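Dear colleague,

Please find the structure below, together with its sequence.

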Amino acid sequence: VGFIYKKLIMTIRKLFLLMTLFVGMSISEINAETKDSLWTTSGYAGLKLTQVSFTNWATGGDNAFAFDLQGTYQADYKHNRHVWKNRLELAYGLNKTKGDGLKKTSDKIYLNSNYGYEIYKNLYASAILNFQSQFTRGYDYAISRDISVSEFMSPGYLMTGFGVTWIPNKYFTAVFSPVAWRGTFVLNKRLSDEGAFGVKPGKNLLSELGANLKLESKYEFLKNMTVYSRLDLYSDYLRKPQNVDVNWEVQLNMVINKWFSTTLTTNLVYDDDVLIGLSDGRRVKRVQFKELLGVGLQFNF
């Protein structure tokens, strides 16, 4: 069974990466062939590096090296009453010090697609598809460096739903899906047996039916300084609808010149089904928060 799961995970990962590459290349070809394109595209790919070295340094310190890869691509289509908004976010980062060894600092796969058909001015009947996961295994280093707490598709989140989309201007989008199914996948057998991420022990899927509200904004408040904010709120009709899951991400991108930039990313998460392990062995509900600041190479397109 373990061998089958490993093969399945590797196959899904390869197919996802190939699909991402194919979609990106297809959109690029469409834009290249059509001067008066119906597509609006934007994005960036960046590499942030940090290195420090000590030799006979009196005040002490550890040699360290860190890198963080980030990529974002947005492709929006609009024609007559049709609108189709797509966003892909990928991130991966590692940190290595002499004392602590190699640690993962960031790992993200985010893909969102939203199609709408205009039924009234700036109001669209819409359908959404959202997928989230990570590339590699993750560890809670305060507890164990050997036993992973996550990996690709453990968890993996897939959501689809129907509702309405409101686009009053080019800076803001609100999507309300009163009928939204969300599946939480835990394909790792050990994590599944532990009941991680809300699945029942021994099961690989937590299925939820509820409502989702997504508020999305992108605004250039100063020249070459852009802020992107995305807030997701989800309530499960069938289990404790009063407990709303929150996922709020803010990305600040400050372009220095054609090749260099500074990025600041924050992510606040609360999920009633996710328990955080403590050093004393207890597992409790907690608000999760992550912040990432990087300066380095960035290519905008």
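A contact, as the word is used here, means heavy atoms within 4.5 Å. On that basis, residues 24 or more positions apart account for 54% of the contacts in the protein chain with a separation of 6 or more.

Please note that this is a predicted model, in which local features need pLDDT of at least 70 and side-chain atom pairs count only at pLDDT 80 or more, while totals for chains, interfaces and linings use all residues. Residues are numbered from 1 along each chain as its sequence is written, and side-chain values use heavy atoms, with hydrogens and water left out.

The protein chain contains 2 helices and 14 strands (DSSP runs numbered from the N terminus: H or I of at least four residues for helices, E of at least two for strands). Of its 301 residues, 38% are buried; buried means under 20% relative accessible area, exposed over 50%, and partly exposed in between, with a 1.4 Å probe and protein chains only. The chain exposes about 17,500 Å², and carbon and sulfur atoms supply 64% of that area (Shrake-Rupley method, 1.4 Å probe; for residues, only the protein chains shown count as cover).

The structure holds 20 salt bridges, each defined as a side-chain nitrogen of Lys or Arg within 4 Å of a carboxyl oxygen of Asp or Glu.

E89 belongs to strand β3 (residues 82–97) and K108 to strand β4 (residues 101–120), so the pair ties together parts that are 19 residues apart in sequence. E89 counts as buried because its relative accessibility is 1%.

A salt bridge also forms between the side chains of E151 and R137, at 3.5 Å from N to O. Both residues lie in the loop between β5 (123–133) and β6 (156–169), and the pair links distant parts of the chain, 14 residues apart. E151 is buried, at a relative accessible area of 9%, whereas R137 is partly exposed, at 47%.

Within helix α2 (residues 189–193), D193 and K189 are 4 residues apart, about one turn of the helix. Their side chains meet in a salt bridge of 2.9 Å, N to O. D193 is partly exposed, with a relative accessible area of 41%.

Finally, a network of salt bridges links R182, E208, D236, R239, D245 and D273.

Yours sincerely
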